[in-house]
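I opened this entry to keep track of what I looked up, element by element.

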Amino acid sequence: MSEGQNSTSTRSVDRAIDILECFSEGNTDLRVTDIARKLGLSKATVYRILRTLDARGYVSQNPENEKYRLGVQTLRLSRTFLSGLDFRRVALPYMKVVRDTLNESVNLFVSNGERRVVVERLESTEPLRRILRIGDELPLNRGAAGKIFLAFDGANHPDADAAELEQIRLKGYAISHGERALSASSVAVPLFNHTGKVAAVLAIAGPTVRFQEPALSRYIPVVVSNGAAISKELGHRA
């Protein structure tokens, strides 16, 4: 393949990925013109790439309104990704223990650049609770789970408080009140793998009214002990 052909192929792959990334929870169904306008591409180029993605099952078109949406192949890829997260399988039984002991929602996060992503979730049975969904992306600089990544994973953020991160490292857990959402609180701990790196973060979250003393002093040991048990199963030795 010549250098020119290789460059063209790379550009086509980039455009295909750009098109797939146009779809989101707020934009599940898109027309060719919507995508072309957003990416600054011609409708002919977008249509050509969509036809290829459609043939491979990565998008599908609604014949009634001619809008496109993500296809079943994207679901297969996401399932493959999640099944490959060994720490997720290891963590789930302990997440159930935390949820059943405290009856607060339990989340499992991984880092994704300057964001953190929910990869597993168990809901509290309380009527008042924080609702997250698998796949939700949240900032690193707000909330206990995000600060765990900043403290232990060596991530940098312009808004990070170095003194606060040092205290988190010393304590081994983080607490937040109303940082990401008003009247919401969380407690989070790192999950270390066999290399000593942070594989994920385990966190509980709920309304601030339930994350006060003496309840908070009961919550912290439960999250810390189960987080340590997960890390041990992942091969971490303190």
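**Ground rules.** I am working from a predicted model, where local features need pLDDT of at least 70, side-chain atom pairs count only at pLDDT 80 or more, and totals for chains, interfaces and linings use all residues. Residues are numbered from 1 along each chain as its sequence is written, and side-chain values use heavy atoms, with hydrogens and water left out. I take helices (H or I, at least four residues) and strands (E, at least two) as DSSP runs numbered from the N terminus.

**Helix 2 against helix 3.** I looked up how helix 2 (residues 32-39) packs on helix 3 (residues 43-55). Their axes come within 9 Å and cross at roughly 115°. Axes here are lines fitted to C-alpha atoms, for helices over the stretch in contact, with angles from 0 to 180 degrees between N-to-C directions. The crossing of helix 2 and helix 3 is right-handed, meaning that the near helix is turned clockwise from the far one by less than a right angle. For contacts I used heavy atoms within 4.5 Å. On helix 2 I find V32, T33, I35 and A36; on helix 3 they meet K43, V46, Y47 and L50. The residues of this contact divide into six nonpolar, one polar and one charged.

**Helix 8.** Next I checked the length of helix 8 (residues 215-233). Its 19 residues should span 27 Å at 1.5 Å a residue, and the end C-alpha atoms are 28 Å apart, which agrees. The expected span is 1.5 Å times one less than the number of residues. Which residues of helix 8 are buried? I list L216, Y219, I220, V222, V223, N226, G227, I230 and S231. Buried means under 20% relative accessible area, exposed over 50%, partly exposed in between (1.4 Å probe, protein chains only). The cover over these residues includes helix 5 (86-102), strand 6 (174-177), strand 7 (184-192) and strand 8 (198-207). Just after helix 8, G235 has a positive phi of about 100°.

**Salt bridges.** My rule is a side-chain nitrogen of Lys or Arg within 4 Å of a carboxyl oxygen of Asp or Glu. The count comes to 10. I looked at D29 and R69, which pair at 2.9 Å, N to O. D29 lies in the loop between helix 1 (3-20) and helix 2 and R69 in strand 2 (residues 68-70), so the pair ties together parts 40 residues apart in sequence. D29 is partly exposed at 22%; R69 is partly exposed at 42%.

K147 and E164 also pair, with the closest N and O atoms 2.9 Å apart. K147 sits in helix 6 (residues 144-152) and E164 in helix 7 (residues 162-171), 17 residues apart. Shared partners join K147, E164 and E179 into one network. K147 is buried at 9% relative accessible area, whereas E164 is partly exposed at 28%.

Most residues other than glycine have a negative phi, and most peptide bonds are trans. I noted a cis peptide bond from E213 to P214, omega near 5°. P214 lies in the loop between strand 8 and helix 8. N103 has a positive phi near 55°, in the loop between helix 5 and strand 3 (105-112). S183 has a positive phi near 65°, in the loop between strand 6 and strand 7.

Note on methods:
Ala, Val, Leu, Ile, Met, Phe, Trp, Tyr, Cys and Pro count as nonpolar, Asp, Glu, Lys and Arg as charged, and the others, Gly among them, as polar.
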